[in-house]
Amino acid sequence: MSELGTTLTQYIIEQGRAQNESRGAFTALLNDVATACKRLSNLVRLGELAGVLGAAGQENVQGEDQKKLDIIANEVFIDAMQRSGLLAGIASEEMDEHYPIPNRFPRGDYLLAFDPLDGSSNIDVNGATGTIFSITRHVDSSAPGDSDFLKAGTEQVCAGYCLYSSASMLVLTTGHGVAGFTLDNSVGEFILTHPDINVPRETSEYAINASYARHWLAPEKRYIEECNAGTEGPRERNFNMRWAGSMVGDIHRILCRGGVFLYPMDAKLQAAGKQGKLRLLYEANPMGMLIEQAGGLAHTGTERILEIQPDSLHQRVPVIMGSADEVERLIRYHEEASA
Ligand code: FBP
């Protein structure tokens with residue numbers, strides 16, 4: 001009989017043993033995250049059959065039109081995580097303020113910040129979507145306020161995402177490398193399939209929404225023009241472009257085969273008084289920790305993302321992350337542009 005393989009639970013416990021850390025509560029917490037992801041994976045896979053496609057007819061705190069699945073995903077996660085007894089509070093892309101754990105449930109020592117369903121524009125077209133999560137510690141026993149979530153990315157104890165695509169995959173780090181698990185629906189388990197994910201330093205593939213090219217600032221304009229100049233240009237090699245329309249889809253590809261992902265500051269965002277498009281606490285920080293743990297870099301162009309001190313729950317930042325050689329080049333172009 002064929003072996004099942006290493007389950008998520010076994011992996012977390014074995015990692016704890018290797019790090020001489022007792023992992024009881026943590027394992028239970030990640031199991032609750034995995035259960036919520038399994039439920040979402042099922043709903044996303046059923047799509048119209050479960051009546052979950054389409055617009056919800058209301059906006060979230062970001063002023064974005066919510067999809068039915070944005071709201072359902074938020075509810076599925078809140079329902080699964082609030083009763084764990086391991087969390088002190090939850091912050092979500094779909095909720096203005098943090099969600100306090102109701103008194104009927106015990107409070108724990110961890111804080112969860114998450115994007116229930118990343119890649120909303122892909123939902124109705126069966127494109128790649130995902131849930132992104134970031135876990136930090138809440139050291140004191142009092143009920144947290146929004147400000148307790150405002151921790152630098154370096155304080156994350158765990159970060160990950162679940163990709164809902166041809167396969168559902170949970171990819172996470174607890175600060176000791178990055179591992180990927182594929183959902184085996186026949187047994188309802190996430191099985192270790194990508195034990196030690198590493199991002200190659202060098203790549204010839206970039207990801208950016210090229211329809212905003214007219215708004216790009218000097219560093220990105222120079223970088224993309226040089227890539228597109230190919231072998232005749234200063235990079236003396238051809239580059240490829242990919243854009244999944246979901247950060248989870250693009251970052252997963254980069255973790256699998258390298259690349260650089262850019263959602264930079266541009267003239268349009270500046271004119272709108274925005275600090276970027278993507279959110280720091282539950283998009284840039286968790287993805288930044290995964291990329292760094294896999295040997296890549298995560299930057300805004302002017303600072304390391306994980307060192308940013310957040311000032312609000314839904315703060316936005318410019319994002320440049322992936323293969324180290326390309327991120328270092330973009331940092332240099334930012335320095336030269338501001339010199
Ligand atoms: P949400 O879907 O969670 O709001 O995330 C934002 C996002 O969809 C990212 O996943 C993706 O990288 C980006 O926006 C796509 O932006 P655009 O539509 O401008 O290409």
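Seven of the seven residues of strand 7 (residues 158–164) are buried in this predicted model, so the strand is largely enclosed by the rest of the structure. The cover comes from both sides: Cys158, Gly160, Cys162 and Tyr164 are buried on one face, and Ala159, Tyr161 and Leu163 are buried on the other. Strand 7 has strand 6 as an antiparallel partner, with seven bridges between them, and in that pairing glycine 130 sits opposite leucine 163 of strand 7. Strand 8 is also an antiparallel partner of strand 7, this time through six bridges. A hairpin of three residues makes the link from strand 7 to strand 8, and alanine 159 faces threonine 173 across the pair.

Threonine 173 itself belongs to strand 8 (residues 168–173). With a relative accessibility of 0%, threonine 173 counts as buried. Its side chain gets to within 2.8 Å of a backbone oxygen, that of glycine 177. Neighbours within four places in sequence aside, the contacts of threonine 173 are Val157, Cys158, Ala159, Val178, Met289, Leu290 and Gln293.

Over in strand 6 there is phenylalanine 133, another buried residue, with a relative accessible area of 0%. Once residues up to four places away in sequence are set aside, phenylalanine 133 touches a list of residues that includes Cys158, Ala159, Gly160 and Tyr161. Also among the residues touched by phenylalanine 133 are Leu30, Val33, Leu112, Phe114, Leu170, Leu172 and Pro286. Glutamate 97 lies 36 residues from phenylalanine 133 along the chain, and the two C-alpha atoms are 17 Å apart.

At the strand 10 end, strand 9 (residues 178–184) and strand 10 (residues 189–194) run antiparallel and are joined by five bridges. Aspartate 184 is found opposite glutamate 189 of strand 10. Four residues lie between the strands of this hairpin, where glycine 188 adopts a positive phi near 65°.

A second open sheet is built from five strands, again with mixed pairing, in the order 12-11-13-17-15. Its edges are strand 12 (240–241) and strand 15 (297–299), which pair on one side only. Strand 12 runs parallel to strand 11 (residues 205–207), and two bridges join them; glutamate 205 has asparagine 240 of strand 12 as its bridge partner. Helix 8 (residues 324–338) packs on this sheet, in touch with strand 13 (260–263), strand 15 and strand 17 (319–322), and its direction makes about 150° with that of strand 17.

Helix 8 also passes a quick geometry check: at 1.5 Å a residue, its 15 residues should span 21 Å, and the end C-alpha atoms are 21 Å apart, which agrees. Its buried residues are Ala324, Glu326, Val327, Leu330, Ile331, Tyr333 and His334. These pack against helix 4 (218–229) as well as strand 13, strand 15 and strand 17.

For tyrosine 263, a side-chain N or O atom is 2.6 Å from an oxygen atom of the ligand. Asparagine 209 places a polar side-chain atom 2.8 Å from a ligand oxygen, and for arginine 279 the distance from a polar side-chain atom to a ligand oxygen is 3.1 Å.

Definitions and conventions: Residues are numbered from 1 along each chain as its sequence is written. This is a predicted model: local features need pLDDT of at least 70, side-chain atom pairs count only at pLDDT 80 or more; totals for chains, interfaces and linings use all residues. Side-chain values use heavy atoms; hydrogens and water are left out. Two strands pair if DSSP finds at least two bridges between them. Contact means heavy atoms within 4.5 Å. Axes are lines fitted to C-alpha atoms, for helices over the stretch in contact, and angles run from 0 to 180 degrees between N-to-C directions. The expected span of a helix is 1.5 Å times one less than its number of residues. Buried means under 20% relative accessible area, exposed over 50%, partly exposed in between (1.4 Å probe, protein chains only). A polar contact is a pair of N or O atoms within 3.5 Å; within protein, one must be able to donate a hydrogen and the other to accept it, and residues adjacent in sequence count only if both atoms are side-chain atoms.
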